[in-house]
Amino acid sequence: MDMVWVKSKVTIPRTVPDALERKKLFSILSNNRMKKLTIIKAPAGYGKTTLLSLWLKHIDESVAWFTIDQNDNDPVRFLRYLIHTLSFSILNVEQKLNNILDEITSFETIVDTLLNDLDTYKGNIHIVFDNFQEIHTPQIYQILNRLIEYLPANVRIYIITRTNLELPLAKWRVKGWILEVGVGQLSFDLEELQSFFSPVTNDEQKDVLKPLLKTTEGWIAGIQLIKLSTGGMIDNLSSEEILAKASSYIHEYFMQEILLILPQELQDFLLRTSILNYLEPSVCTSVTNELNSLTIFSELEKNCLFIEQVQAHPPVYRYHTLFRHALQVEFHRQQSYEMIASIYYEVATNLCQREDYVAAIELALNGELYELAHEWIQKYLVEIFAEGHTLLFGQWIQKLRNAQFPVDINLLVLYITTLFSTHEMDQAKKIIEELLFKQNKLKWMDGFQFIAVSKIFEIMNAYIGYMEDGDLEKAKVGLQTRVNVRKNKSSLYHISLKYNQFEPRILRTFVGARGKFLPVGKMEELIHVLNESEIKERNITGVTYGLLAEILYEINDLDRAGKELEIGLKYGLRFQDPGLFIPMYLLKARIYMTKKQFEEAHMVLIEAMKETDKPYWVGMLYIMKAQSYLLEGNISYAQQEFFRVTDFINYRIASRNPFYLLVQGKILYANNQLEEALQIAIRLKEGAIQEKQIVTLIEAGLLEAICHFSLGKEDFALTGLHAALEHGVLYGYYRTFIEEDSIWPLLNKYWRIRQHSKGDTFKSVPLAYVNKLLQNDSSEDEFFANFTAREKDVLQLLAEGASNNEIAHQLQLTEGTIRVYLTEIYSKIGVRSRTKAILWAKEWLGF
């Protein structure tokens, strides 16, 4: 056989100069160097060849690299190239082995001869077969099987492939012969993604990259294409914006590397099924008319074509996010709008018939079948709310409105409640105005078909109105209104509405008037009205109990707070409403923390985690765990729990959450990272002002004040504290102040200034309010417990500038006695001179 040797097929491929060194994978390869066989298997673009090239260049041992192409599928050619590769890099055996190969027909003989020659080599040999997916000939697999079975101790074999191998891997795994590196290890992790985009490690930058990691699933080629298309500037881009910028590059890659080399029938199958989020074989049959969908998926998975099985029984698959996106782009490029719409209709209808109404509605909306989606939303409305798809419902209605589709009034009223629960108040008010306009024109509230939602509308408006003005008589009109006796014929009346989608405190919701809470007496009146009305057993009553519990806690009535929260908790668990029962569990933990019962607080949080599988709410519980450890003084544990939060909540969401930011700021403060903590406090405060959130405004103001105070900026600290106190006294806040242990030195200074100031400085806050807060400061009491009454008198006069003689005269003591008192005072406050003692006394007493 005449051969023309291609040098690049038998040399280690070149890598780009700035290729990222995969240190974790290098460690895995190094720790398994004694394995006979290493298999690196993944789809295109996962850096398989680059990984092995870089590692083998690092180890400084003999390497024979054989890059396979489709022409090497002939056993004789395969063997000749293998021999040439070894001779080119390591052994001078090419002529001898080729002569044997010409003379005999048994491949076994040539393999055995090669094995003996490899055994005579003094050093270690690494033989690499790259692109092994090109091999399909059984005889070549037999050759490789024998080579591995009898491989000398000094030789290692590496196979790089995109497909499964027809080798006895099960047996070799048991024998411990092989190392397998797959997609899971090859995918970039967050640290590698950060290194790829920026050589400087920065925790905030890492968090910004988390959404990108989720979108790309760590696929290296996709990450490279995104960096190329965006110029590496992705900090302020959403996942959708990043995908839009890189779409053409990613589409072209998948078309050239994957799709266009497949048979036409398989291409069509992939394109049609790309409309589905999840691939159930029976559903895919309705899309493609392909009866053996399961077999196709199994083959695709076997050949690593960007697909994974997400459920075994019954089998369900999904395409890689970027692969699916590229397929959809190509599908729309190839097919007419009418054809695509008909496919969406057929599949969505099939899903709906299977009672998978969520997937059906999603698909109908994606396919712009708005009338069909609207019909199904109406049909399954009770199930949507009962099964906790409230946020999805809101997204669906918004999609319909964005498409200028006329949405039914029933759905619009329920959409308003969804918007309230997510604090999208401006959008909610627009729809209210629309409905009020329609009421004036069409009198829709008088229509029988709107009986249920009209009452929901009235109840909601009455409740909100009461929270704003406390006018019980006006609220009763809506809250005590009797529903038409035909209410049981309306399924909408029985929908359990959720009033909180993401706030860890009900006080921060629209129900809690964003922290502008009513006096306890007003809340008790409201609960009495609710208990006398038809909505006694509805979720809004449970939310009201929860709100009352939070108010009682805030004004420091812990015993009553504990009783009321238990009622709220029962409502929340009954209605399976995490927006109610999670805040109640958090409040329960907070009460334990107040009493320094930290073990009990942690047990409550663990109990709460058993009640919900919603990642967002689990994340909120971990934030509270972090705060609990902070109060215990265990900063390292607090950080550990806090870092777990973003395992459950996307960072872009978490980084906008006031509770998350507040605890992050407190951790930074505890670690003496004062400037960083201050920036978070300022950011929190700005957001609270914009949202008119009193709770967060006070919390952020306190954090800002103590940061300024610790940085030596006392004027800023005192001004910030005063602003927080102004908001606090207006609504009766108490526990939010006294829970912040770091505030006491600043609050004491503020009090002393108020005591001795003759001007209007800080007069807008009653001194009695400050005194009430200071009653909980044990630090000052403990310090001044070391001073006698006479010593305190001496300090006061010393601060006022009195001489020893004047002090003696006022206290009716001798000057000698005063000198004795001063010596004792100097010792207690740690000074050696009268001047320093006077400065200390003035500082402490606020002169």
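The legends below describe close-up views of a predicted model.

Local features rest on pLDDT of at least 70 and side-chain atom pairs on pLDDT 80 or more, whereas totals for chains, interfaces and linings use all residues. Residues are numbered from 1 along each chain as its sequence is written, and side-chain values use heavy atoms, with hydrogens and water left out.

**View 1. The open sheet has five strands in the order β2-β3-β4-β1-β5, with parallel pairing.** Strands (E, at least two residues) and helices (H or I, at least four) are DSSP runs numbered from the N terminus, and two strands pair if DSSP finds at least two bridges between them. The edges are formed by β2 (62–67) and β5 (178–181); each has a single partner strand, so one side of each lacks a neighbour in the sheet. From one strand to the next, the twist averages 15°. Angles run from 0 to 180 degrees between N-to-C directions, and axes are lines fitted to C-alpha atoms, for helices over the stretch in contact.

**View 2. Strand β4 (residues 155–161) pairs with β1 (residues 37–41) in the parallel sense over five bridges.** Within this pairing, I39 has I159 of β4 as its bridge partner, and K41 has T161. Strand β3 also pairs with β4 in the parallel sense, over five bridges, and F129 stands opposite I159 in β4. Seven of the seven residues of β4 are buried, where buried means under 20% relative accessible area, exposed over 50% and partly exposed in between (1.4 Å probe, protein chains only). The buried side chains V155, I157, I159 and T161 point one way from β4, while R156, Y158 and I160, likewise buried, point the other way.

**View 3. The loop between β3 and α6 contains T137.** With a relative accessibility of 17%, T137 counts as buried. Apart from neighbours within four places in sequence, T137 is in contact (heavy atoms within 4.5 Å) with N73 and P75.

**View 4. Helix α18 (residues 357–366) and helix α19 (residues 370–379) have axes that come within 8 Å and cross at roughly 155°.** This angle makes α18 roughly antiparallel to α19; angles over 145 degrees count as roughly antiparallel, under 35 as roughly parallel, 65 to 115 as roughly perpendicular and the rest as oblique. Residues A360, I361, A364 and L365 of α18 meet Y370, A373, W376 and I377 of α19. By class, the contact of α18 with α19 comprises eight nonpolar, no polar and no charged residues. In this classification, Ala, Val, Leu, Ile, Met, Phe, Trp, Tyr, Cys and Pro are nonpolar, Asp, Glu, Lys and Arg are charged, and the others, Gly among them, are polar.

**View 5. Helix α29 (residues 578–594) and helix α31 (residues 615–632) have axes that come within 11 Å and cross at roughly 10°.** The crossing angle makes α29 roughly parallel to α31. On α29, the contact is made by P578, G579, I582, L586, R590 and M593, and on α31 by W617, M620, L621, M624, Q627, S628 and L631. By class, the contact of α29 with α31 has nine nonpolar, three polar and one charged residues.
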